[in-house]
Amino acid sequence: MSLLSRFRDDNNRTRVGLYVDGPNVLRSEFDVDLDEVRTIGESYGPLAATRLYLDENASPGLIQAGEARGFEVITTSGDVDVRLAVDATEAVASDRIDVLVVASRDTDFKPALEVAARNGVRTVALAPGEHGKSDALQNAAQDGLSLSADVE
């Protein structure tokens with residue numbers, strides 16, 4: 001049995017959890033395209049969770065942009081990193097995903113990736129471009145990817 005066939009949806013497809021750390025990824029210096037982020041997540045299989053985490057100061061325009069691109073936008077008054085890590089780890093522990101894609105440059109998510117890998121879930125660290133890459137986060141994941149610098 002292959003790693004990706006361990007858990008499948010009703011149509012025998014791999015289930016992907018895409019978790020985006022908004023405050024660390026959606027910065028003007030990175031020029032991240034949420035459509036590209038979603039496309040990369042979908043390249044691993046159907047998205048079972050597509051979440052964009054933002055802090056309470058996020059603009060209504062940013063929230064609307066995330067929702068328009070099919071993300072469930074989670075705003076929190078607490079630490080975005082903690083909420084994302086807990087939600088991603090809970091999805092792994094409850095066997096709802098086969099692939100965990102975390103878009104961030106923050107090493108705080110390294111333990112969540114490690115727990116996922118130990119539980120047979122494929123892990124992907126998606127960095128906001130080469131200059132937003134965390135080597136520790138990329139090394140913790142089975143696949144370390146960077147968003148393209150020039151999004152058309």
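Helix α4 (residues 80-93) lies across β1, β2, β3 and β4, and its direction makes about 175 degrees with that of β1. Axes here are lines fitted to C-alpha atoms, for helices over the stretch in contact, with angles running from 0 to 180 degrees between N-to-C directions. Helices (H or I, at least four residues) and strands (E, at least two) are DSSP runs, numbered from the N terminus. The model is a predicted one, so to speak of local features takes a pLDDT of at least 70, side-chain atom pairs count only at pLDDT 80 or more, and totals for chains, interfaces and linings use all residues. Residues are numbered from 1 along each chain as its sequence is written, and side-chain values use heavy atoms, with hydrogens and water left out.

V80, D81, L84, A85, D87, A88, A91 and V92 of α4 are buried, that is, under 20% relative accessible area, where exposed means over 50% and partly exposed in between (1.4 Å probe, protein chains only). An α-helix has 3.6 residues a turn, so residues three or four places apart point the same way. On the face turned away from the buried side are the exposed residues V86 and A93. As for partners, the buried residues of α4 pack against β1, α1 (22-25), β2, β3, β4 and α5, with contact meaning heavy atoms within 4.5 Å.

Now for the sheet. It is open, has 6 strands in the order β3-β2-β1-β4-β5-β6, and its pairing is parallel; two strands pair if DSSP finds at least two bridges between them. At the edges are β3 and β6 (143-146), each pairing on one side only. On average, neighbouring strands of this sheet are turned by 20 degrees against each other, direction ignored.

Going pair by pair, β1 (residues 16-21) and β2 (residues 47-55) run parallel over 6 bridges, and L18 has T50 in β2 as its bridge partner. Between β2 and β3 (residues 72-76) there are 5 bridges, again parallel, with D55 partnered by T76 of β3. β2, helix α3 (residues 60-68) and β3 form a right-handed β-α-β unit: with the strands pointing away from the viewer, the path from the first strand over the helix to the second runs clockwise. Further along, 5 bridges join β4 (residues 99-103) to β5 (residues 122-127) in parallel, and V99 pairs with R122 of β5. Helix α5 (residues 110-118) packs on the sheet, touching β4 and β5, at about 155 degrees to the direction of β5.

D31, in the loop between α1 and α2 (34-42), has a positive phi of about 50 degrees although it is not a glycine; D31 counts as exposed at 52% relative accessibility. D95, in the loop between α4 and β4, has a positive phi near 60 degrees and is partly exposed, with a relative accessible area of 33%. Most residues other than glycine have a negative phi.

Overall, the protein chain has 6 helices and 6 strands, and buried residues make up 47% of its 152 residues.
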